[in-house]
Amino acid sequence: MGSRAFIDNNFSKGKEFLIHFLDSPEFTLDTLRQIMPSGSSKRKKFELAQDIAIAFEEGKLSSEQILLPYVKRSRQWLSFKLGQVKVIPKQREAQLLLNEFGDDGWYGSIEDNQDQSKYCIRTL
């Protein structure tokens, strides 16, 4: 049984990194189809990842259009803390996670304009 997490194998920053991230177990085929629904029903996961990376590079997709379906998808694990945030941790731009393997810390926020939710990603 292989790893169920994305492992950075020293991919080049930018499009190559994003293609491998999107093709990893971190993204399901259904999640990729949510990001780029048109003409994606018969595309293999790697091909769809390539299409999304090209659209992102060309400015046709924003980082939020890619990351929002990612943070909202169901997972086998979940860690959270209830209550009010007393101090908002310093965050790096979430878009950085689409270009390179991030450092330990918080990234965000990723905003859902439909329900005004905000999401942050913590990398370890």
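Reader: Hi! Which residue is the bridge partner of Trp106 in β3?
Author: In this predicted model, Trp106 has Arg122 as its bridge partner in β3.

Reader: Nice. And which residue in β2 is the bridge partner of Gln91?
Author: Trp106 again: Gln91 has Trp106 as its bridge partner in β2.

Reader: How many bridges join β2 to β3, and do they run parallel or antiparallel?
Author: Seven bridges link β2 to β3, which covers residues 117-123, and the two strands run antiparallel.

Reader: What about β1 and β2, parallel or antiparallel?
Author: Those run parallel, with two bridges between β1 (residues 91-92) and β2 (residues 105-112).

Reader: How many residues lie between β2 and β3 in the hairpin?
Author: Four residues separate the two strands of that hairpin. Gln116, in the turn, has a positive phi of about 65°.

Reader: OK, so in what order do the three strands stand in the sheet?
Author: The order is β1-β2-β3, in an open sheet with mixed pairing.

Reader: Why is one side of β1 and of β3 left without a neighbour in the sheet?
Author: Because β1 and β3 stand at the edges, each having a single partner strand.

Reader: Switching to helices, where does α4 lie?
Author: Helix α4, residues 63-72, lies across β2 and β3 and runs at about 100° to β2.

Reader: Why is α4 described as largely enclosed by the rest of the structure?
Author: Seven of its 10 residues are buried, so α4 is largely enclosed. The buried ones are Ser63, Ile66, Leu67, Leu68, Pro69, Tyr70 and Val71.

Reader: Now the largest nonpolar core: which residues touch the most other members?
Author: Leu22, Phe27, Ile52 and Ile66 do, out of the 28 residues in that core. The elements giving two or more residues to this core are α1, α2, α3, α4 and β2.

Reader: Which element gives the largest share of this core?
Author: That would be α3, with six residues.

Methods: Residues are numbered from 1 along each chain as its sequence is written. This is a predicted model: local features need pLDDT of at least 70, side-chain atom pairs count only at pLDDT 80 or more; totals for chains, interfaces and linings use all residues. Side-chain values use heavy atoms; hydrogens and water are left out. Two strands pair if DSSP finds at least two bridges between them. Contact means heavy atoms within 4.5 Å. Axes are lines fitted to C-alpha atoms, for helices over the stretch in contact, and angles run from 0 to 180 degrees between N-to-C directions. Buried means under 20% relative accessible area, exposed over 50%, partly exposed in between (1.4 Å probe, protein chains only). A nonpolar core is a set of buried Ala, Val, Leu, Ile, Met, Phe, Trp, Tyr and Cys residues joined through side-chain atoms within 4.5 Å.
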